Amino acid sequence: MSLRFAASARSTIGVEWELQIIDPATLRPMPCAPEILAELARAHPAHGRIHAEMLRNTLELVSRPRRTVAGCAEDMGIALDMLAPFVEAHGAVLVGSGTHPFVSPASQDVSESERYGVLVDRTQYWGRQMLIFGTHVHVGVEDRAKVLPIGEHLLAHLPHLQSLAAASPFWDGEDTGYADNRAWIFRQLPHAGLPDWPGDWDGLEDLTESMMRAGAIKSFNELRWDVRPSPGFGTIEVRICDASSNLLEVRAIAALTQCLVESASQRLDEGLPLARLPRWFLAENKWRSARYGLDATIVTSPDGEQAPLRRSLSALVTELEPVARRLGCADDLALVEGILTGGAGYERQRRARDDSDLRGVVEQLIGEMRAGCPLP
């Protein structure tokens, strides 16, 4: 089959941010997304920036394709302002996190969508556990021949992105011991997790055709990989990141992703090698960063050399600073160091935990959304 890759300007960027609708009194999710979206559509019929998701307690904010991270952040800010009166009218607030810390995941209502109904019917128990929320970043690639090599480069840096965004230590009232428990829940869906792609685009088309012929998938979008091509947008998409609790962290994650893609694209233009690790090491790194977050020690070379992730991430930011200046996101990339110093989402959530329950965690998340930045 032909998998058409849409035209896309190099290193343009788009962001998708999944948010929970929360009752500020009970601190539990509210299944009122369909009502909010219907009211929003009547008032702003052409907004196009706020979408439904799998669960009725979730709204997804989507930026336009932009040249800069700042442009995406502007779109997100406009969407939040647009949503505010409709969310408030339902007595609700918005929260960003990889999971909800204490509600039972199976108790949440699924959206009235044939697509999601089929998914839950097919996946049964695990399909009913998808009380998870992510931040997805798309970066434009001007030549489809570059997409899979850039994807391999991103996979080698997956623990940097994953640990920076990790914000899901709690699940169903328990501290899982993981920084990013969302990653382990999501991989229970078919064809989720680390990609198993071939070496070139023709091979990807053959893989997609064979999986469709075997009835494994109905479309390419059912390949729910941590990093994947997005042919319809002409982008490479990073899907490993937990939903951030505030817009400042979204900017940091988006900038790191955009800079990694542009740096890889530039190296390809210059005939220089890209980072690449064997699948065994990629899987090990994903587990380590999910378990230990920024305190992980990760594999950094095909020979098995290792480095502390915090040190490796700080060095990566320094290396990417010239790229960030060219892309106009130097200030956004610099925010990564602030997260390293002040703590990632999972660290701040654990600090906010009360010995008796996890209500303080949700209150912290509400405060960070309102402030637009991490809170001490």
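Which residues of α5 are buried? Before I list them, note that this is a predicted model. The buried residues are Leu158, Pro159, His160 and Leu161, then Gln162, Ser163, Leu164 and Ala165. Helix α5 covers residues 158–165, and eight of its eight residues are buried. So α5 is largely enclosed by the rest of the structure.

Next, a single residue. Find strand β5, residues 134–140. His136 lies in that strand. Is His136 buried or exposed? Its relative accessible area is 8%. The cut-off for buried is under 20%, so His136 counts as buried. What does His136 touch, leaving out residues up to four places away in sequence? Gly14, Val15, Glu16 and Glu18 are on the list. Arg182 is there too, along with Glu237, Val238 and Arg239.

Now a helix pair. Two packed helices are described by the angle between their axes and the distance between the axes. Take α1, residues 33–43, and α2, residues 69–89. They pack at an angle of about 125°, and their axes are 10 Å apart. That angle makes α1 oblique to α2. The crossing of α1 past α2 is right-handed.

Which residues make the contact? From α1, we have Ile36, Glu39, Leu40 and Ala43. From α2, we have Met82, Leu83, Phe86 and Val87.

Conventions:
Residues numbered from 1 in each chain as written. Predicted model: local features only at pLDDT ≥ 70, side-chain atom pairs only at ≥ 80, totals over all residues. Heavy atoms only, no water. Buried < 20%, exposed > 50% of the residue type's maximum accessible area, 1.4 Å probe, protein only. Helix = DSSP H or I, 4+ residues; strand = E, 2+ residues; numbered from the N terminus. Contact = heavy atoms within 4.5 Å. Axes fitted to C-alpha atoms, helices over the stretch in contact; angles between N-to-C directions. Parallel < 35°, antiparallel > 145°, perpendicular 65-115°, else oblique. Left-handed = near helix turned anticlockwise from the far one by under 90°.
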